[in-house]
Amino acid sequence: MRDAGHDVEVYEVENPHGARTFNALAHAPWDRRGARDVVAATDAFDADVVHLHNTWFALSPAVIAEFAARGRALVMTLHNYRLMCVDGSLWRDNTICRECIGRSPMPGVVHGCYRNSRPLSAVAAATIVSARRHHVWDDVHTFIAPTDTVRTAHVDAGLDAARVVVKPHFLTDLGARADPPSKSRTIVYAGRLAPTKGVERLLAAWRVAAPDLGDLELLIVGDGPLREQLEREAPRGVRFAGVRPLDETRAHIKQARAFAFASEWLEPFGLVLLEAMAAGTPIVGTDTGSTADIVGDAGRLAPTGSTSALAAVLREAADDGTVDALGAVARARYEQRYTPDANRPQLEAIYRSAIEGSKRAG
């Protein structure tokens, strides 16, 4: 936005740690004083539009009411499902959960969905209920959903469909790769090693497909609660690299034959998919959540939950012609949809609409 000549002020807060956490959580459902401090800090800038990204938990939904009271045009990006789900993930007991969509968040408290804690889940639920009681979402002119999956979930939860638009995230160009995907013998996974990410099924599919994969290797970059188990049970041809610096991780992706993305939750937007596509690296994985929306024809996706189907997709990645063709599509799709230049006009149009709507309301 600055490159296009706009004046931009960024206001960031960080959720506190240690003893200060409890005080912040106690005010999380409706912190009017904290909201006024935020608004006062931004008044000098006199913004035409305020773009919100997160109000949990150092901020609270009260900040929306305070901005609205000053007549600010408000836009909000939906990065997760926290407007309806205490954990923000629509995931419970290792499966997608829709129990709280369009209804009370109390089941999330009963199940202790937020950090496996009923007290903390109660705070998150109180924040959801408080925002609804104060009707703060009515003050947001436009909600930005990065994909249709996110939009559908929020409309089902009660947001006005006319105020939820789809605009994807974007990524600065990482530059084209030096060699075609077929020159590489490595398929890369990069991400958290947690149940939502489907890494267990990815390794199971690798075991099934291994006889047809020749000397291909699966490189696992990342860490998480499942790492010890996964390393213990991993089939042949799988190597764990642990957490690596961002530049190194991107280099692995840029040099890979394919990028594995086997997520099993309603992934709002896997930015790592854009990193792969920008590198001209095809995607192999599952079609859960927003993955299919993002990837399109830039990869091969199996129905989520099917080990055999995922194994078949991995076998396709063993074909040189297939990965090279998909890699070219991936790079073209990135250039058409996910660059800053492709994204900026969409965001500017959203801002203009919000400003005009605010003037009419005023």
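Twelve residue names open this report: Cys85, Val86, Leu90, Trp91, Arg92, Cys97, Glu99, Cys100, Pro107, Gly108, His111 and Cys113 line the second largest cavity. Strand E3 (91-92) and helix H4 (106-110) are the elements that give two or more residues to that lining. By class, the lining of the second largest cavity divides into eight nonpolar, two polar and two charged residues. The model is a predicted one.

## Cavities and pockets

Rolling a probe the size of a water molecule over the atoms shows where empty space is left. The count comes to two cavities of 30 Å³ or more.

| Space | Volume | Lining by class |
|---|---|---|
| Largest pocket | about 1700 Å³ | 24 nonpolar, twelve polar, 13 charged |
| Second largest pocket | about 490 Å³ | six nonpolar, six polar, five charged |
| Largest cavity | about 200 Å³ | eleven nonpolar, seven polar, one charged |
| Second largest cavity | about 90 Å³ | eight nonpolar, two polar, two charged |

Take the largest cavity next. Its lining has 19 residues, and Thr55, Trp56, Met76, Arg82 and Leu83 lie nearest its centre. Strand E2 and helix H5 (118-133) each supply at least two residues of this lining. H5 provides the largest share, four residues.

The largest pocket has a volume of about 1700 Å³. It is lined by 49 residues, of which Val8, Val10, His51, His53 and Tyr351 are the closest to its centre. Helices H2, H3 and H14 (340-361) and strand E1 are the elements that give two or more residues to the lining of the largest pocket. H14 gives the most, with eight residues.

The second largest pocket holds about 490 Å³ of space. Its lining has 17 residues. Closest to the centre of the second largest pocket are Asp87, Ser89, Trp91, Cys113 and Thr196.

## The nonpolar cores

Which residues touch the most other members of the largest nonpolar core? They are Ile64, Tyr81, Trp137 and Phe143, in a core of 33 residues. Helix H2 (32-43), strand E1 (49-52), helix H3 (62-69), strand E2 (73-77), strand E5 (142-145) and helix H6 (148-156) are the elements that give two or more residues to this core. H3 gives the most, with four residues.

After H3 comes Gly71, with a positive phi near 80°.

Tyr81 reaches several parts of the chain. Not counting residues up to four places away in sequence, Tyr81 touches Gly88, Ser89, Leu90, Thr149, Val150, Ala153, His154, Trp265, Leu266, Glu267 and Pro268.

## Aromatic pairs

The count comes to four aromatic pairs. Trp137 and Phe143 form one of them, edge-to-face, at 6.3 Å centre to centre and 65° between the planes. Are Trp137 and Phe143 buried or exposed? Both are buried.

Phe269 and Tyr338 form another edge-to-face pair, with 6.4 Å centre to centre and 75° between the planes. This pair links distant parts of the chain, 69 residues apart. Phe269 is in the loop between strand E10 (258-261) and helix H10 (271-278), whereas Tyr338 is in the loop between helix H13 (320-337) and H14. Phe269 counts as buried because its relative accessible area is 10%. Tyr338 is buried too, with a relative accessible area of 3%.

Trp56, Phe57 and Tyr114 are linked by ring pairs into a cluster. Trp56 is also one of the residues nearest the centre of the largest cavity.

## A buried loop residue

Leu171 lies in the loop between strand E6 (164-166) and strand E7 (186-190). Why does Leu171 count as buried? Its relative accessible area is 8%, and buried means under 20%. Leaving aside neighbours within four places in sequence, Leu171 is in contact with Arg250, Leu274, Glu275, Ala278, Tyr334, Tyr338, Thr339 and Pro340. Among these contacts is Tyr338, the ring that pairs with Phe269. Leu171 and Gly198 are 27 residues apart along the chain, and their C-alpha atoms are separated by 24 Å.

Definitions and conventions
Residues numbered from 1 in each chain as written. Predicted model: local features only at pLDDT ≥ 70, side-chain atom pairs only at ≥ 80, totals over all residues. Heavy atoms only, no water. Core = buried A, V, L, I, M, F, W, Y, C linked by side-chain atoms within 4.5 Å. Buried < 20%, exposed > 50% of the residue type's maximum accessible area, 1.4 Å probe, protein only. Contact = heavy atoms within 4.5 Å. 1 Å grid on protein atoms, 1.4 Å probe; cavity = no way out; pocket = protein on both sides within 12 Å on 5 of 7 lines; lining within 4 Å. Points joined across faces, edges and corners; volume = space filled by probe spheres on them. Nonpolar A, V, L, I, M, F, W, Y, C, P; charged D, E, K, R; others polar. Phe/Tyr/Trp six-rings, centres within 6.5 Å; stacked < 30°, edge-to-face > 60°.
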